[in-house]
Amino acid sequence: MFRTASISRRSFLTALGLGTAAALLAGCSSPASSSASSEDSASSAAPAEPFLTPEEFPGVDGSTACIPLMAQIMADTTGADLTEAQSAISVSTTAYAWENMGVYDSDLAQLLIVYEAPDYVKDEIAQAGTQLEQKAIGRDALVFIVNEDNPVQSLTQDQLREIYAGHITNWKDVGGDDTPIVAFQRGEDSGSQTLFQNLLIQDGELMEAPTELAPASMGGLVDSIASYNNSANAIGFSVYYYIEQMYSQPGLRLLAVEDVTPSNDTIASQEYPLCNDFYAVIRASAAADSPERQVYDWLSTEDGVRCIEKAGYVPAV
């Protein structure tokens with residue numbers, strides 16, 4: 001039997017495996033060339049040598065957008081079939097994954113593959129005195145989503161900040177149609193909201209989003225933008241990997257920021273301005289021969305980097 005981190009307060013297993021990778025965002029520039037080259041390189045190299053059995057694989061938890069990577073890690077380190085690995089992974093999402101390991105000291109997950117923790121969770125972990133060890137293993141980006149009928153192709157970071165502060169309220173003020181801007185956010189415990197605040201808003205002003213404009217899940221945000229009033233005036237955000245390879249809806253596209261369109265290439269080069277790392281995390285006390293420490297160390301090897309590329313992510317190298 002596979003060991004899984006069945007500690008979620010909400011399960012995000014359904015439809016989030018690699019089988020949804022074909023759901024590309026309409027109108028977005030495709031990273032096909034970089035993805036294809038990464039996949040060709042990964043497939044031409046010798047396959048990773050498994051060093052754990054499926055039963056030994058550590059319990060994992062983390063961010064929704066990292067589910068496909070967790071499955072690929074399990075497949076490569078244990079020799080398990082990828083489809084079986086996908087079915088064995090579930091997550092409790094970013095904030096709860098950090099809390100479960102760092103605050104509640106849950107023993108159901110020994111390894112996190114996760115985006116940055118919200119500040120309030122960092123404070124909770126510090127107060128709990130839990131010693132965690134983390135390293136960046138991949139790079140993603142905060143991206144902004146609009147209706148494909150919206151004529152605006154690019155916004156500056158200052159324009160985005162002014163929109164989310166409530167100072168720019170009409171698309172005509174940023175080169176679009178004369179229609180009100182409806183700006184979606186996420187909840188405080190969301191990993192994408194944490195990136196949004198850390199990368200874009202920082203110490204700036206942020207308007208409070210009403211409940212109907214702050215969906216509980218990333219998929220909910222995408223669905224809401226796609227269906228909002230059947231019009232082109234909504235905007236929202238997500239992380240690039242999720243919207244590009246895991247979940248989207250017809251009729252949406254990504255905005256360029258500072259005239260740079262997000263793609264694997266512009267994220268790898270950090271030409272796209274809103275890039276951020278994601279992490280592998282274990283307890284600092286994990287023994288050298290423990291499964292979680294072995295996987296954690298392996299992720300920095302050539303095989304580990306190829307695994308990250310194989311799953312379609314940009315390695316943090």
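## The loop between β8 and α10

Asp259 sits in the loop between β8 and α10; helices (H or I, at least four residues) and strands (E, at least two) are DSSP runs, numbered from the N terminus. The structure is a predicted model, in which local features need pLDDT of at least 70 and side-chain atom pairs count only at pLDDT 80 or more, while totals for chains, interfaces and linings use all residues. Residues are numbered from 1 along each chain as its sequence is written, and side-chain values use heavy atoms, with hydrogens and water left out.

Asp259 is not a glycine, yet its phi is positive, at about 65°. With a relative accessibility of 69%, Asp259 counts as exposed (buried means under 20% relative accessible area, exposed over 50%, partly exposed in between, with a 1.4 Å probe and protein chains only). Glu258 is found in the loop between β8 (256–257) and α10. Glu258, also not a glycine, has a positive phi of about 55°. Its relative accessibility is 36%, so Glu258 counts as partly exposed.

## Overall composition

The protein contains 12 helices and 10 strands. Of its 317 residues, 54% count as buried. The accessible surface comes to about 12,900 Å², by the Shrake-Rupley method with a 1.4 Å probe, where for residues only the protein chains shown count as cover. Carbon and sulfur atoms account for 46% of that surface.

Contacts (heavy atoms within 4.5 Å) between residues at least 6 apart in sequence join residues at least 24 apart in 77% of cases.

The residues concerned are Thr94, Ala95, Tyr96, Ala97, Trp98, Glu99, Asn100, Met101 and Gly102. They pack against β1 (60–62), β2, α5 (119–128), β3, α7 (191–201) and β9.

In α11 (residues 291–298), the buried residues are Glu292, Arg293, Val295, Tyr296 and Trp298. Their packing partners are α2 (67–78), β2 (111–114), β3, β9 (275–283) and α12 (302–310).

## Salt bridges

A search of the whole structure gives seven salt bridges, each a side-chain nitrogen of Lys or Arg within 4 Å of a carboxyl oxygen of Asp or Glu. Side chains of opposite charge can pair when their charged atoms come close. One of the bridges joins Asp105 and Arg283, whose closest N and O atoms are 3.1 Å apart. Asp105 lies in the loop between α4 (94–102) and β2, and Arg283 in strand β9, so that distant parts of the chain, 178 residues apart, are linked. Asp105 is partly exposed at a relative accessible area of 47%, whereas Arg283 counts as buried at 16% relative accessibility.

Asp277 and Arg139 form another bridge, at 3.7 Å from N to O. Asp277 belongs to strand β9 and Arg139 to strand β3, so this pair ties together parts that are 138 residues apart in sequence. Asp277 is partly exposed, with a relative accessible area of 23%; Arg139 is buried, at 11%.

Asp158 and Arg161 also pair, with their closest N and O atoms 2.8 Å apart. Both residues lie in helix α6 (residues 157–165), three residues apart, or about one turn of the helix. An α-helix has 3.6 residues a turn, so residues three or four places apart point the same way. Asp158 counts as exposed at 51% relative accessibility, and Arg161 is partly exposed with a relative accessible area of 25%.

## The cavity

The count comes to one cavity of 30 Å³ or more. On a 1 Å grid over the protein atoms alone, a cavity is a set of points where a 1.4 Å probe fits but cannot get out, and lining residues have an atom within 4 Å of a point. Grid points are joined across faces, edges and corners, and a volume is the space filled by probe spheres set on the points. The largest cavity has a volume of about 50 Å³.

The lining of the largest cavity is made up of Arg139, Asp140, Tyr240, Tyr241, Gln245, Asn264, Ile267, Gly312, Tyr313 and Val314. At least two lining residues come from each of β3 (132–147), α9 (240–246) and α10 (264–268), and α9 has the largest share, three residues. By class, the lining has five nonpolar, three polar and two charged residues; Ala, Val, Leu, Ile, Met, Phe, Trp, Tyr, Cys and Pro count as nonpolar, Asp, Glu, Lys and Arg as charged, and the others, Gly among them, as polar. Arg139, one of the lining residues, is also the partner of Asp277 in a salt bridge.

Key: On a 1 Å grid over the protein atoms alone, a cavity is a set of points where a 1.4 Å probe fits but cannot get out, and a pocket is an open set with protein on both sides within 12 Å along at least five of seven lines; lining residues have an atom within 4 Å of a point.
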